[in-house]
Amino acid sequence: MNVLFTFDVEIWCNSWSTLDEDFPASFDRYVFGRSAKGEYALPKILDTLGTHGLKGVFFVEPLFAAHFGVEYLKIIVRLIQDAGQEVQLHLHPEWTDEARDAPLLENVTVKRQHLTQYSIDEQQVLIKHGLRLLQEAGCIPPPVAFRSGSFSCNEDTFSAVTMNGLRFDSSINPQMEESQPGDIAPVYANPYEVFTRNELTLIPMSSFCDGFGQNRHAQIGACSAREITQALEDAVRKQWHTFVLLSHGFELMVPGRNTCDPFVERRFTHVCRFLAANRLTMPTVNFSDLSVFPDPCNAPLPAVRKLATVRRYAEQALRRLYQ
């Protein structure tokens, strides 16, 4: 079973009204994760992946560079590619009206959070701008995969992705309301399966059934390590051929603070050790490694045991105390 270990890399400031004064500290936090004990954003993630010989896919959001400059995007791309990891395209259209020198879209003066709030032509242009900015930042080879910010997508999104020459889309997350792309499912109608639409291969975010029967997407910061490892093991047993894990470049940090979140950091390290120990049955891969997919397995979702989910609840309670 191929594992796509994906990381969304994005920059956020405290307020849209104070972007320029907030940006230096925000860039440090979201890219480097500097704290009194070291760097816990991209440097820590890349070092841990390298230590365990794992491949990571980094979906990088480039539209912020239309306001602050491509030199900052170059730092991100260089960090990832110098570590031997893969850069793909991520897009948060909230940055559209913040472009400084030239507008990304004409007559856009208000924020539209989700890509689905834009027409097909607008989506196509924004994706084109994202690819251009990554190219200017030195992203070689160019991206072949796309993920929409907040997993927001519709049929226009997939058409726009295809028009830009990308081969893969990883925007579907069946657990999120804004990620309901409409009547595009193939005949087997399983939103959890990899499927092809025209020339585009769609690879949804992976989910599992937790110990209390609730479906949950497989995100490092939102699941216990045992939930993730048990979901991976059960996916192999049920003959799933692809599993998509999610994290973020800043996910090892305590929200709103310049300090490491020890609970999430331990989860991440545990999952990396597990994948390294099981690389023969669940190798981590890049999108550039992918070509032909097997037929869909139509198997039930991977499931985990109750104790693994109880552990998540306990960790969440302790995290609230710690934070």
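So, to start: is Glu-136 buried, exposed or partly exposed, and at what relative accessibility? Hold that thought while I set things up.

What we have here is a predicted model, so local features need pLDDT of at least 70 and side-chain atom pairs count only at pLDDT 80 or more, while totals for chains, interfaces and linings use all residues. Residues are numbered from 1 along each chain as its sequence is written, and side-chain values use heavy atoms, with hydrogens and water left out.

Okay, back to Glu-136. It sits at 40% relative accessibility, so it counts as partly exposed (buried is under 20% relative accessible area, exposed is over 50%, partly exposed is in between, with a 1.4 Å probe and protein chains only). Arg-132 is partly exposed as well, at 31%. Their side chains meet in a salt bridge, 3.1 Å from N to O. By salt bridge I mean a side-chain nitrogen of Lys or Arg within 4 Å of a carboxyl oxygen of Asp or Glu. Arg-132 and Glu-136 are four residues apart in helix α5, residues 120-136, so about one helical turn separates them. Helices here are DSSP runs of H or I with at least four residues, strands are runs of E with at least two, and both are numbered from the N terminus.

In total, the structure holds 18 salt bridges. Take Asp-8 and Arg-147, where the closest N and O atoms are 2.9 Å apart. Asp-8 is in strand β1 (residues 2-9) and Arg-147 is in strand β6 (residues 145-148), so this pair ties together parts 139 residues apart in sequence. Both Asp-8 and Arg-147 are buried.

Then there's Arg-312 with Asp-210, another salt bridge, at 3.1 Å from N to O. Arg-312 belongs to helix α9 (residues 306-322), and Asp-210 to the loop between β10 (207-209) and β11 (215-217), so parts 102 residues apart in sequence get tied together. Arg-312 and Asp-210 are buried too. And Asp-28, Arg-34 and Glu-39 are linked in a network of salt bridges.

Last stop, helix α4. Which of its residues are buried? Val-70, Leu-73, Ile-76, Val-77 and Ile-80. They cover an arc of only 115° around the axis, which puts them on the same side of α4; the arc is taken over the directions from the helix axis to the C-beta atoms.

How about the length? α4 has 13 residues, 70-82, and at 1.5 Å a residue should span 18 Å, which agrees with its end C-alpha atoms being 18 Å apart. That expected span is 1.5 Å times one less than the number of residues. After α4 comes Gly-84, with a positive phi near 80°.
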